[in-house]
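Q: Could you look through this model with me and set each structural label against the cut-off behind it?

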Amino acid sequence: MALAQQKPDPIARRDPAAVNAVIAALAAKFGNRLVTSQAVREQHANTTTWIANEPPDAVIFPQAAPDVQDIVRICAERRVPVIPFGTGTSLEGHVNAPYGGVSIDFRDMKRVLAVNSQDLDCVVEPGITRKELNEHLRDQGLFFPIDPGADASIGGMAATRCSGTNAVRYGTMKDNVPRRRAMPRLRRSSSGCRWRASNCSTSCR
Ligand SMILES: Cc1cc2nc3c(=O)[nH]c(=O)nc-3n(C[C@H](O)[C@H](O)[C@H](O)COP(=O)(O)OP(=O)(O)OC[C@H]3O[C@@H](n4cnc5c(N)ncnc54)[C@H](O)[C@@H]3O)c2cc1C
């Protein structure tokens, strides 16, 4: 009987050498925008429900898309996981790091890059929250309709395909995100998203 070949674990499971090398490389490049304190790491794992808190090995705060590309490249070279972090309001342990890794907190990437009021859409960085975006859009008579209750980030809302109290009239995130830009090598993350930010109920794309 043929024996099944055991496949190597694609993710380094808390390989201390890999994690230390990644932390050293990130610290050299990003200085104090890399944080390894226990308290900050725990704040970047699940804190909202009974699900156990599984903190990452480090937390990093990029300020622009090229930072994210560098972080992902450095982590991918050592097969260390990355976990994007919006505002941490997700309820099912999404931001936990069961295999360790680096939490990428998008709090410093909140820019509104364009508002195309004629087309009823806008381009934003993923860290902006829905309330911040609505504050920005208010004087143009536009609004971003998805409301899950929490003041979540647009990136986190896209990742969870969020809905909420306005979904029956305006749809969910899948109806309101015509485009997103993802980092190379990073399956779950985005560095900028294009949104339909209006009160129109569009067809699905
Ligand atoms: C009181 C309350 C009520 C809620 N009601 C609803 C509801 O009615 N309907 C509903 O659908 N949801 C609801 N939710 C859940 C809500 O959708 C999520 O909490 C929210 O979408 C997560 O956004 P966040 O910015 O906090 O993301 P986080 O919690 O930080 O992250 C969530 C996931 O997104 C990933 N992520 C974050 N940022 C990025 C990024 N830039 N690129 C790629 N991936 C990213 C994370 O890795 C993680 O997997 C509710 C939550 C709360 C607390």
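Predicted model: local features only at pLDDT ≥ 70, side-chain atom pairs only at ≥ 80, totals over all residues.

**Labels and their cut-offs**

Q: What makes β1 and β2 paired strands, and which way do they run?
A: β1 is joined to strand β2 (residues 58–60) by two bridges, and the two run antiparallel. Strands count as paired if DSSP finds at least two bridges between them, and a strand is itself a DSSP run of E with at least two residues, just as a helix is a run of H or I with at least four, both numbered from the N terminus. Within this pair, L34 stands opposite I60 in β2.

Q: Why are β1 and β3 called edge strands?
A: The open sheet has four strands in the order β1-β2-β4-β3, with mixed pairing. β1 (34–35) and β3 stand at its edges, each with a single partner strand, so one side of each is left without a neighbour in the sheet. For β3 and β4, which run parallel, four bridges make the join, and I83 stands opposite S103 in β4.

Q: Which helices lie on this sheet, and at what angles?
A: Helix α1 (residues 16–30) lies across β1, β2 and β4 (102–105), running at about 30° to β2. Helix α3 (residues 65–77) also packs on the sheet, touching β2, β3 and β4, and its direction makes about 175° with that of β4. Such angles run from 0 to 180 degrees between N-to-C directions, with axes fitted to C-alpha atoms, for helices over the stretch in contact; contact is a C-beta to C-beta distance within 7 Å, the C-beta atoms being placed from the backbone.

Q: Why is R14 called partly exposed?
A: A residue is buried if 20 or more other C-beta atoms lie within 10 Å of its own, exposed if 12 or fewer, and partly exposed in between. R14 has 15 other C-beta atoms within 10 Å, and is therefore partly exposed. R14 is found in the segment before α1, and, leaving aside its neighbours within four places in sequence, is in contact with V19, Y99 and G100.

Q: What makes L120 and R161 stand out in their phi values?
A: Most residues other than glycine have a negative phi. L120, in the loop between β5 (112–116) and β6 (121–124), has a positive phi of about 60° although it is not a glycine. R161, in the loop between α5 and α6 (167–170), likewise has a positive phi, near 50°. R161 counts as exposed because it has 10 C-beta neighbours inside 10 Å.

Q: How do you know that the ligand lies between the domains?
A: Domain 1 (14–105) and domain 2 (112–196) both give residues to the shell around the ligand, so it lies between them; the domain bounds come from an automatic or database assignment. Of the 29 residues around the ligand, G86, A152, G155, G156 and A159 come nearest, where being near requires a C-beta atom, placed from the backbone, within 6 Å. α5 gives the most to this shell, with four residues.

Conventions
Residues numbered from 1 in each chain as written. Contact = placed C-beta atoms within 7 Å.
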